[in-house]
Amino acid sequence: MSASVQIGEKSVGTGDPVYVIAEIGINHNGDVELAKKLIEIAADAGADAVKFQKRTPEIAVPKDQRNVMRDTPWGRMTYLDYKYKVEFEDEQYAEIDLHCAKHGVQWFASPWDVPSVEFLEKFDVVTHKVASASVTDVELLRALRETGKPVILSTGMSTLEEIDAAVEILGTDKLVVLHATSTYPLPPEEANLRTIETLSERYGVPVGYSGHERGLQISLAAVALGAVAVERHVTLDRTMWGSDHAASLEPEGFRHLVRDIRILQTAMGDGVKRVFEGELAPRARLRRVG
């Protein structure tokens, strides 16, 4: 059994409460007030943390994509300009930091480049998340290791050999790995949830699940299979403009997810067969022999 990893005041590992992450990502569409509403939804549902994405667009956007034109709520613009539109800077993250503290929920982000790591460190975030797209970014991984913070590593779109190399750089003493499949939305046949056990056995670290499916069933099954953390995108409305909204949970769905995770983890028990107190009266009434 892998040791737990301490993320702020939360312990993440087998036997600990499932660490529930509400992935806000860029579902705020560049509006800090919308981000605050999503923080409130996550906190009210009982999530442990909210997660954002932090980029330095001129570094993170591939050169061949920068001048691609895109229709956006702000009009037609280049992909690079669009990425700047949805990027928060110091002022917005200062508001986010205060709002999360007010509502008793942790926050962190997926930095997509080294300057973004340095930016997030100014806010002393409790952990850093490696997005699936960044698993092979050696420079970024080394910068994250140097922070000394716990790291959450998503493994979508990655081979075991690529994950091996990332784990070698990050180390395993403060590492949580998330099984993920980077299809948006995720079809059930690509969920491959038994990989949770594969990753746990291979790396000996706490393993969770980052889901992009519609509905709750797959995320709940992940918990039943041993996932110690669950990350799901949250949105006000799945029909909103943006790349991640369709694979997100709306407020009621997210509340149901957290509720059902807590019920399911309680129901899993400890595996020791016993006669429970609630069985004593039926046993006395119904058992004829013994």
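Reader: What volume does the largest cavity have?
Author: This is a predicted model, in which local features need pLDDT of at least 70, side-chain atom pairs count only at pLDDT 80 or more, and totals for chains, interfaces and linings use all residues. Residues are numbered from 1 along each chain as its sequence is written, and side-chain values use heavy atoms, with hydrogens and water left out. On a 1 Å grid over the protein atoms alone, a cavity is a set of points where a 1.4 Å probe fits but cannot get out; a pocket is an open set with protein on both sides within 12 Å along at least five of seven lines, and lining residues have an atom within 4 Å of a point. With volume taken as the space filled by probe spheres set on the points, which are joined across faces, edges and corners, the largest cavity comes to about 30 Å³.

Reader: How do the residues of the lining of the largest cavity divide?
Author: The lining consists of I26, N27, N29, Y82, G242, S243, D244 and H245. Ala, Val, Leu, Ile, Met, Phe, Trp, Tyr, Cys and Pro count as nonpolar, Asp, Glu, Lys and Arg as charged, and the others, Gly among them, as polar. The division is 2 nonpolar, 5 polar and 1 charged.

Reader: Which element gives the largest share of the lining of the largest pocket?
Author: This pocket has a volume of about 520 Å³. Of its 30 lining residues, Q53, R55, W112, A133 and Y184 are the closest to the centre. Elements are DSSP runs numbered from the N terminus (helices: H or I, at least four residues; strands: E, at least two). The largest share, 3 residues, comes from helix 3.

Reader: Which element gives the largest share of the lining of the second largest pocket?
Author: The volume here is about 420 Å³. Among the 22 lining residues, T14, L225, G226, A227 and V228 lie nearest the centre. The largest share, 3 residues, is from helix 8.

Reader: Is helix 1 roughly parallel or roughly antiparallel to helix 4?
Author: Axes are lines fitted to C-alpha atoms, for helices over the stretch in contact, and angles run from 0 to 180 degrees between N-to-C directions. Helix 1 (residues 32–45) and helix 4 (residues 90–102) pack at about 20°, with axes 10 Å apart. Angles under 35 degrees count as roughly parallel, over 145 as roughly antiparallel, 65 to 115 as roughly perpendicular and the rest as oblique. Helix 1 is therefore, relative to helix 4, roughly parallel.
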